[in-house]
Amino acid sequence: MTVRVLIVDDQALFREALATLLEVQPEIDVVGEAANGEEAVRLCAELRPDVALMDLRMPVLDGIAATARLRAEQPGVRVLALTTFDDDEDVFAALRAGAVGYLLKDVSSTRLVEALVAAQRGESVLQPSVAAKLVAHVARLPAETPRPSVTPLSDRELEVVRLLADGRSNREIAKTLFLAEGTVKNLVTSVLSKLQVRDRTQAALRAKELGLF
């Protein structure tokens, strides 16, 4: 199964170059291009892509506002932010708006394809520097009311959650730990259940709160 991708960026040359790069990948089917967030919302309704590869700073409607609209109007479309900037304001705003991942434009083509495939599955994909920002942000938050105790993680699950905090995809975790990708998926599911969270980003933050790494 291929991932249907809509490229959203206000720079025509970048869109065209990215489309050319992705179209030769067997896992990817580029179904369209949009020059701003408003056009992206319209094309997502028409083309039904699996993933919108979204720039953030665009005219007419920026990527953060477009992401929020897609989350409300087209919840089946995953948004993967792809931008030049990794300042805290953009990172947190994009994730709050509903982006499942955040990558910088200097990402390798291999990493980008893996991220698109992971985003289609609903996995969170974060640039390592972005994952570090989230962990640092949580570390600065005031202590909350203690949550109920969680089921202890196994040694292997601890390895997985530490790699999640580095922004690694299931495939990257599998390669690092010499495991099958299906085994990693099962471990991630177990981690989410034990930590009582909904997604991979929350798992990394919860593990940090618990002092697991």
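Thr-67 lies in helix α3 (residues 63-73); helices (H or I, at least four residues) and strands (E, at least two) are DSSP runs numbered from the N terminus. The model is predicted, so that local features need pLDDT of at least 70 and side-chain atom pairs count only at pLDDT 80 or more, while totals for chains, interfaces and linings use all residues. Residues are numbered from 1 along each chain as its sequence is written, and side-chain values use heavy atoms, with hydrogens and water left out.

At 3% relative accessibility, Thr-67 counts as buried (under 20% relative accessible area, with exposed over 50% and partly exposed in between; 1.4 Å probe, protein chains only). Beyond residues up to four places away in sequence, Thr-67 touches Met-54, Val-79, Ala-94, Ala-97, Gly-98 and Ala-99 (heavy atoms within 4.5 Å). A polar atom of the Thr-67 side chain lies 2.7 Å from the backbone oxygen of Gly-63.

Six strands form an open, parallel sheet in the order β2-β1-β3-β4-β5-β6, where two strands pair if DSSP finds at least two bridges between them. Because β2 (28-34) and β6 (125-126) each have a single partner strand, one side of each is left without a neighbour in the sheet. Strands β1 (residues 3-8) and β3 (residues 51-54) run parallel and are joined by four bridges; Val-5 has Val-51 of β3 as its bridge partner. Helix α2 (residues 37-47) packs on the sheet, touching β1, β2 and β3, and its direction makes about 135 degrees with that of β2 (axes are lines fitted to C-alpha atoms, for helices over the stretch in contact, with angles from 0 to 180 degrees between N-to-C directions).

Conventions. Polar contact = N/O pair within 3.5 Å; in protein donor to acceptor, adjacent residues only side chain to side chain.
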